[in-house]
Amino acid sequence: DNLLGVAGVWTLKKCRHCASLYLNPRPHQDDIIKIYQNYFQNQNQKLRNISKLPKESFIAKLRVAAKKAFLALTKGYTRGVTRWDYFLGYFFYGFLLWQREILFAAVMFLPARYGGRLLDVGCGGGAFLKNIKQYGWVAEGIDIDARSVEIAVKEGLSVNVGTITGQQYAPDYFDAITLRHVIEH
């Protein structure tokens, strides 16, 4: 894949047991690190500060309130949800159903667990960590790309460089572990 700076040819294979897709042949660890040096998300994360949000319009505030109520009604994320949010949630519930996968992905389909410990493997610059912390999770991450970890740390997030096998976590330390765009590599 010369586009990302690593010579080679890979195809996607589908696991017969779990139906997950993965690259074949599996890239060597050193090649994966090279890929992420030029990865477009890494470059984009340098250009934006994920903690600074633009001013929200009234419509945007309505969407946020409806999203909060939807997640409260479906996944138990009730902290900080007002009666107004619930009203909007009930009102827009039918309209939000077509977006439920997107809304559930915001919390990685996890039910609420305030104070629950979460590890995001392959966390990149930490955008998901920053988001999930808003929902009451105590979140930390690991990533193989040092530049992405640097971005996350500058955002005040707890993130380490490395792989999950290189960490020294105690058994049952986390209540949830998330991986996005990791297994296929």
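Q: Is R117 buried, partly exposed or exposed, and what is its relative accessible area?
A: The model is a predicted one. Buried means under 20% relative accessible area and exposed means over 50%, with partly exposed in between. R117 has a relative accessible area of 23%, so R117 is partly exposed.

Q: Which residue forms a salt bridge with R117?
A: A salt bridge needs a side-chain nitrogen of Lys or Arg within 4 Å of a carboxyl oxygen of Asp or Glu. The closest N and O atoms of R117 and its partner are 3.2 Å apart. The pair links strand β3 (residues 117-121), which holds R117, to strand β4 (residues 138-143), 23 residues apart. The partner is E140.

Q: Is E140 buried or exposed?
A: The cut-off for buried is under 20% relative accessible area. E140 has a relative accessible area of 11%, so E140 is buried.

Q: How many residues apart in sequence are the parts that D120 and R180 tie together?
A: D120 forms a salt bridge with R180, and their closest N and O atoms are 2.9 Å apart. D120 lies in strand β3, while R180 lies in the segment after β6 (176-179), so the parts tied together are separated in sequence by 60 residues.

Q: Which residue forms a salt bridge with D85?
A: The closest N and O atoms of the pair are 3.5 Å apart, and the cut-off for a salt bridge is 4 Å. D85 sits in helix α4 (residues 83-96), and its partner sits in helix α3, 17 residues apart.

Q: How far apart are the end C-alpha atoms of helix α3?
A: Helix α3 covers residues 58-75, which is 18 residues. At 1.5 Å a residue the helix should span 26 Å. The distance in the model agrees with this, at 25 Å.

Q: Which residues in α3 are buried?
A: An α-helix has 3.6 residues a turn, so residues three or four places apart point the same way. In α3 the buried residues are L62, A65, A66, A69, F70, L71 and A72.

Q: Which residue just after α3 takes a positive phi?
A: The phi angle is about 85 degrees, and the residue is G76.

How values were computed
Residues numbered from 1 in each chain as written. Predicted model: local features only at pLDDT ≥ 70, side-chain atom pairs only at ≥ 80, totals over all residues. Heavy atoms only, no water. Helix = DSSP H or I, 4+ residues; strand = E, 2+ residues; numbered from the N terminus. Expected span 1.5 Å × (residues − 1). Buried < 20%, exposed > 50% of the residue type's maximum accessible area, 1.4 Å probe, protein only.
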